[in-house]
Amino acid sequence: MAPATAGGVAAARRRDRRVYLRSHPVLFALLAAGRGRGVRRIGRTVLVHDAGAYREALTRIPLDRTAAGTTGAAAQEALAGAGGVLFDQEGSGHRADRRDLADGLGAAGVERLRGLWRPLLAERLAPLGRGGEVDVVALAAELSGSAVCALLGSGADPSAVARAAAAAAAASVRGHLPGPRRPGAKAAAARTARELRELLAGSGGEGALAAMLAVAAVNTTVAALPRAVAWCADAGLWGQAGDPELLPRLADELLRVTAASPVLPRAAAADGTAGGCPVRAGDRLVLVARHAAGAHRRGPDALDPAPPAEAHLVFGAGPHACPGARLARAQLADVLAALAPYRPVVVRARADRRAALPGWRVLTVRAGTA
């Protein structure tokens, strides 16, 4: 099995960079700022790029889950209803909700979901075998919406849930990213979040926690999965995707390189250190997951993968690790396995300028040559 070529990796990285440059240019500038140093302080903001410092910040520094500019604040502002939204919880409530999520997203739960999305994949990818085209972004939205509805026991239309979750995230998170605030952004965030909660509540999914799960699952999947497919197509990785032994490692590598949530905005609740840099209570922490996982240094390669301790940093660390990591790996692996026989090539790609996370608005593929 041949590794990806240097030219293919360079082409794939150029295409992937367009996601940031065209949809989140301010975020891209933030990612580039100071990455030559593992930790950099700018006033009361601490930029963390180094893997060890990143892990230290998530596991040893108490975090303020509701501070302005953090994920918790964005989730609380947009989605708060009856009960918390996981990102803004503390103590026993936080642990209990994470356990509930972990039960549904454990090995048995993910296997049940695979029985749902594998037939859907076969049906949606069938046009490739007839010389047709498939929009991988639309596919990712439907897959993620279906998984969310199954997890919540919701009878809502999966595509409608995916659209509502994307709109809620775009309206909310963009108000908390660096750069000028748009007029009416707060009202738009409240409206889209209300629409998502009503859609889920009317079909079996109750409360803000259900809405949070929908927002997190849909937006990370729609951001990462099409970018991973583009990487495979451009870097010539379909051979690895078609090898059952290499496939799990390739999925891990692609999730590392795409880093769906490239930056984790947090705030320190108490004094501590990150990579030797003193952190004071109230400091804003900008944890650059993409750099901690080495996504900017090395491309994906199942034949020479990054150590798991480094690759898995895109899902956080310790008590702040994402409970949906197993689901993300399984879903991406199944998509790649289903696509590998067609060896797709990208025929159209347009970045999404409105999405909450860097991603494609359209990524159309057709079958390539064997």
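Which residues in α12 meet which residues in α15? On the α12 side they are Leu 247, Leu 250, Ala 251, Asp 252, Leu 254 and Leu 255. Their partners in α15 are Ala 328, Arg 329, Leu 332, Ala 333, Leu 336 and Ala 337. Keep in mind that this is a predicted model.

**Helix α12 with helix α15**

- By class, this contact has 10 nonpolar, no polar and two charged residues.
- Helix α12 covers residues 247-258, and its axis lies 9 Å from that of α15.
- The two helices pack at an angle of about 115°, which means α12 counts as roughly perpendicular to α15.
- If you're wondering about handedness, the crossing of α12 and α15 is right-handed.

**Helix α7 with helix α15**

- Helix α15 (residues 325-339) also packs with helix α7 (residues 136-152).
- For this pair the angle is about 140° and the axes are 12 Å apart, so α7 is oblique to α15.
- The crossing of α7 and α15 is right-handed.
- From α7, the residues in the contact are Leu 143, Ser 144, Ala 147 and Leu 151, and they meet Leu 327, Gln 331 and Val 335 in α15.
- Sorted by class, that gives five nonpolar, two polar and no charged residues.

**Val 222 in helix α10**

- You'll find Val 222 in helix α10, which runs over residues 207-235.
- Leaving aside residues up to four places away in sequence, Val 222 touches Val 137, Ala 140, Ala 141 and Ser 144.
- Ser 144 turns up in the α7 contact with α15 too.
- Val 222 and Gly 145 are 77 residues apart in sequence, yet their C-alpha atoms are 10.0 Å apart in space.

- Strands of a sheet pair through backbone hydrogen bonds, either parallel or antiparallel.
- Strand β9 (residues 360-366) pairs with β8 over six bridges, and one example is Ala 349, whose bridge partner in β9 is Leu 363.

Key:
Residues numbered from 1 in each chain as written. Predicted model: local features only at pLDDT ≥ 70, side-chain atom pairs only at ≥ 80, totals over all residues. Heavy atoms only, no water. Axes fitted to C-alpha atoms, helices over the stretch in contact; angles between N-to-C directions. Helix = DSSP H or I, 4+ residues; strand = E, 2+ residues; numbered from the N terminus. Parallel < 35°, antiparallel > 145°, perpendicular 65-115°, else oblique. Left-handed = near helix turned anticlockwise from the far one by under 90°. Contact = heavy atoms within 4.5 Å. Nonpolar A, V, L, I, M, F, W, Y, C, P; charged D, E, K, R; others polar. Pairing = 2+ DSSP bridges.
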